[in-house]
Amino acid sequence: MKPINILFIGLSLVVSTAILVPNFVKPRPAGQSACVSTLIWYKELKEEWRRLNPDKKGIVPTGYDLLGEKWGASMSSCPSGGTYTFGTQEEDPVCSIGGPRHSIPNGLKANK
Ligand SMILES: [Zn+2]
């Protein structure tokens, strides 16, 4: 590959990251914990993944499935030290701590 092509690809990645990353960092409603915001974000990513992968029912997506190449840098962890579990397409993502400040609010829970 010519150096100019590599430069172009690198520049494209920088530009697309600059456009995409601010979209991932949404301001959260007052009173919502950082953990709940992250769980809702993962839920939105999973819904998008489900829409694109209707054949993967019952399968638990990986961080790579949801975020592609940049998943390692973009994955958030619970500020209180909980561990996130994505769950299958039909389940909501959960934090191992649980409780109101570490769970998807009732109004946003998946219909089972
Ligand atoms: Zn948590």
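**Close-up views of the predicted model**

**View 1. The surroundings of Gly-87 in the predicted model.** With 16 C-beta neighbours inside 10 Å, Gly-87 counts as partly exposed. The structure shown is a predicted model. Gly-87 belongs to the loop that lies between β1 and β2. When neighbours within four places in sequence are left aside, the contacts of Gly-87 are Val-60, Asp-92, Pro-93 and Val-94. Thr-62 stands 25 residues from Gly-87 in sequence, and the two C-alpha atoms are 9.5 Å apart in space.

**View 2. The elements of the protein.** Four helices and two strands make up the elements of the protein. Read from the N terminus, their order is α-α-α-α-β-β. Of the 112 residues, 11% count as buried. Among contacts between residues at least 6 apart in sequence, 51% join residues at least 24 apart.

**View 3. Helix α2 and its packing partners.** Helix α2 spans residues 34-52, 19 residues in total. From first C-alpha to last, α2 reaches 27 Å, close to the 27 Å expected at 1.5 Å a residue. Its buried residues are Cys-35, Val-36, Thr-38, Leu-39, Tyr-42, Leu-45 and Lys-46. An α-helix has 3.6 residues a turn, so residues three or four places apart point the same way. The buried residues of α2 pack against α3 (63-67), β1 (84-85) and β2 (94-95).

**View 4. The largest nonpolar core.** Seven residues form the largest nonpolar core: Cys-35, Val-36, Leu-39, Tyr-42, Leu-45, Phe-86 and Cys-95. Helix α2 supplies the largest share of this core, with five residues. In soluble globular proteins, nonpolar side chains tend to be buried together.

**View 5. The contacts of Cys-95.** Cys-95 is one of the residues of the largest nonpolar core. Apart from neighbours within four places in sequence, Cys-95 is in contact with Cys-35 and Leu-39, as well as with Cys-78, Gly-82, Tyr-84, His-102 and Ser-103. Cys-35 and Leu-39 are also among the buried residues of α2.

**View 6. Lys-43 on helix α2.** Lys-43 is placed in helix α2. This residue is partly exposed because 19 other C-beta atoms lie within 10 Å, whereas a buried residue has 20 or more. Leaving aside neighbours within four places in sequence, Lys-43 makes contact with Asp-92, Pro-93 and Ile-104. Asp-92 and Pro-93 are also among the contacts of Gly-87. Lys-43 and Glu-91 are separated by 48 residues in sequence, with 9.0 Å between their C-alpha atoms.

Definitions and conventions: Residues numbered from 1 in each chain as written. Predicted model: local features only at pLDDT ≥ 70, side-chain atom pairs only at ≥ 80, totals over all residues. Expected span 1.5 Å × (residues − 1). Buried ≥ 20, exposed ≤ 12 C-beta atoms within 10 Å, placed from the backbone. Contact = placed C-beta atoms within 7 Å. Core = buried A, V, L, I, M, F, W, Y, C linked by C-beta atoms within 7 Å.
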